[in-house]
Amino acid sequence: MQPYGGTFLKLIWPALVLLLFPSAVAAEEPSLLDGWHDVWLFRFLVNMLGYSTIIIPGYLLISYFKRTNYAETGSGFCFPLIKTCVFGNEAKTSLFDDTSAASRNEADSGSTLKQALKLIFCAAGLQVSYLTWGVLQERVMTRSYGAATTDQEGEKFKDSQFLVFMNRILALTVSGLWCVMFKQPRHGAPMYKYSFASLSNILSSWCQYEALKFISFPTQVLAKASKVIPVMLMGKIISHKSYEYWEYFTAVLISVGVSMFLLSSTTDKHPSTVTTFSGVIILIGYIAFDSFTSNWQDNLFKYKMSSVQMMFGVNLFSCLFTVGSLLEQGAFFESLGFMTRHSEFAFHAVLLSVCSACGQLFIFYTINQFGAAVFTIIMTLRQAFAILLSCFLYGHTVTLVGGFGVAVVFLALFLRVYARSRMKSGRRGAQPLAQKV
């Protein structure tokens, strides 16, 4: 039985599209009016409507508990759960700093061969996880399933939110098991604060998948590299950070390189100006949401939590938001039906989630063992390899000017890593006992 909300949307959809986007209807394919799920903007709004059915009641409950000072006056069976979710444990602990420092000192004191093997292990794990993830991402969102011959069209998977849910449920499981198996700092953050980063993380991931319907994978990779600029803007707005001159210089270089690539790209894959404009808007959304996520998570680390605890908290709310929205739309069982019809898609979706979860663990381990600079170099190389691999597997063409723009982007990224490493080493030499903020 189809949910009332889905039936209602199908009834009002044609009228809304004709009223709000008459030019888009003329420019898009004739099948645009076949269903509301064919236009990304309405799919985005419906997703947001689903999230609001969880966010609004949650906000009202949190406001009520804070207004009544429930942390001081409350009692009963649910009191510990409510206190953890709404108020948290404000007591700070240095366990995370001690554990991180101890593991880093242990890594530094190891033999050169052992360190080299660890570095190879980290680099290989990151490259395999995220290169496989990138290839599968493009395969799932841009290719058909179920075509026995090349003449048949097959069936395309369209619901990006279901893929986000698949990634998050496995990441939640992995991070939960990690927290149980290994000692973690005493948790102090109010659980509801994870919901902000979770919502922006869901939306950025949704935009990342959805953008591949309108742009090529190399364009998306370069757009990710250019998120340095909005991250800096978000840092100034949210955390009131200040930046060095070289950070502004490399940000300008990145924007120049990305502009060269985009302006020189061929349009044989996406000739429609409406489609191209949609891809740009979705990419801007991805960059904005992802920039907010990183800055909000950075603020949450004041509670001395571990990275795996952060991963668990964010993915917990992500699963709650996505599964609620999918069930309300009736898309959850529809996507499961697609999986049962196409076993190849089921394998790709599961492997996509495995690569995403394993990649996050490799991120934490690499930063813990070798620091952020080494990790950034590995991931920058991964982005370059991802572009080459995508061009090889899926036939994307890059012009000479576009290739030069790609080179400018990665040169700027390596300059950022080098300048940041020099600055940090200079600070350590001047203040060897300074505590990390």
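The model is a predicted one, and every value given here is computed from it.

**Helices H3 and H9**

- The crossing in which H3 passes H9 is right-handed.
- On the H3 side the contact is made by Trp40, Arg43, Phe44, Asn47, Met48, Tyr51 and Ile55, while H9 contributes Leu199, Ile202, Leu203, Trp206 and Glu210.
- Sorted by class, the residues of this contact between H3 and H9 are nine nonpolar, one polar and two charged.

- Helix H16 spans residues 343-370, and its axis comes within 8 Å of that of H7, the two crossing at roughly 150°.
- H7 and H16 are therefore roughly antiparallel to each other, and their crossing is left-handed.
- The contact of H7 with H16 comprises 17 nonpolar, 11 polar and three charged residues.
- Once its neighbours within four places in sequence are set aside, Gln137 is in contact with Gln208, Tyr209, Leu212, Phe217, Gln220 and Leu352.

- The axes of H8 and helix H15 (residues 331-341) come within 10 Å and cross at roughly 80°, which makes H8 roughly perpendicular to H15.
- Phe162, Phe165 and Met166 of H8 make this contact together with Phe332, Ser335, Leu336 and Met339 of H15.
- By class, six nonpolar residues and one polar residue take part in the contact of H8 with H15, and no charged residues do.
- Leaving out its neighbours within four places in sequence, Phe162 is in contact with Phe157, Leu326, Phe332, Ser335, Leu336 and Met339.
- Phe162 and Glu334 are 172 residues apart along the chain, yet their C-alpha atoms are separated by 9.9 Å.

**Thr250 in helix H12**

- Thr250 is found in helix H12, which is made up of residues 245-264, and at 2% relative accessibility Thr250 counts as buried.
- When residues up to four places away in sequence are not counted, Thr250 touches Ala412, Leu415 and Arg416.

**Cysteines**

- A disulfide is a covalent bond between the sulfur atoms of two cysteines.
- With a cut-off of 2.5 Å between cysteine sulfur atoms, the count for this model comes to zero disulfides.
- Cys85 has 30% relative accessibility and so counts as partly exposed, whereas Cys319, at 7% relative accessibility, counts as buried, the cut-off for buried being under 20%.

Methods. Residues are numbered from 1 along each chain as its sequence is written. This is a predicted model: local features need pLDDT of at least 70, side-chain atom pairs count only at pLDDT 80 or more; totals for chains, interfaces and linings use all residues. Side-chain values use heavy atoms; hydrogens and water are left out. Contact means heavy atoms within 4.5 Å. A crossing is left-handed if the near helix is turned anticlockwise from the far one by less than a right angle, and right-handed if clockwise. Helices (H or I, at least four residues) and strands (E, at least two) are DSSP runs, numbered from the N terminus. Ala, Val, Leu, Ile, Met, Phe, Trp, Tyr, Cys and Pro count as nonpolar, Asp, Glu, Lys and Arg as charged, and the others, Gly among them, as polar. Axes are lines fitted to C-alpha atoms, for helices over the stretch in contact, and angles run from 0 to 180 degrees between N-to-C directions. Angles under 35 degrees count as roughly parallel, over 145 as roughly antiparallel, 65 to 115 as roughly perpendicular and the rest as oblique. Buried means under 20% relative accessible area, exposed over 50%, partly exposed in between (1.4 Å probe, protein chains only).
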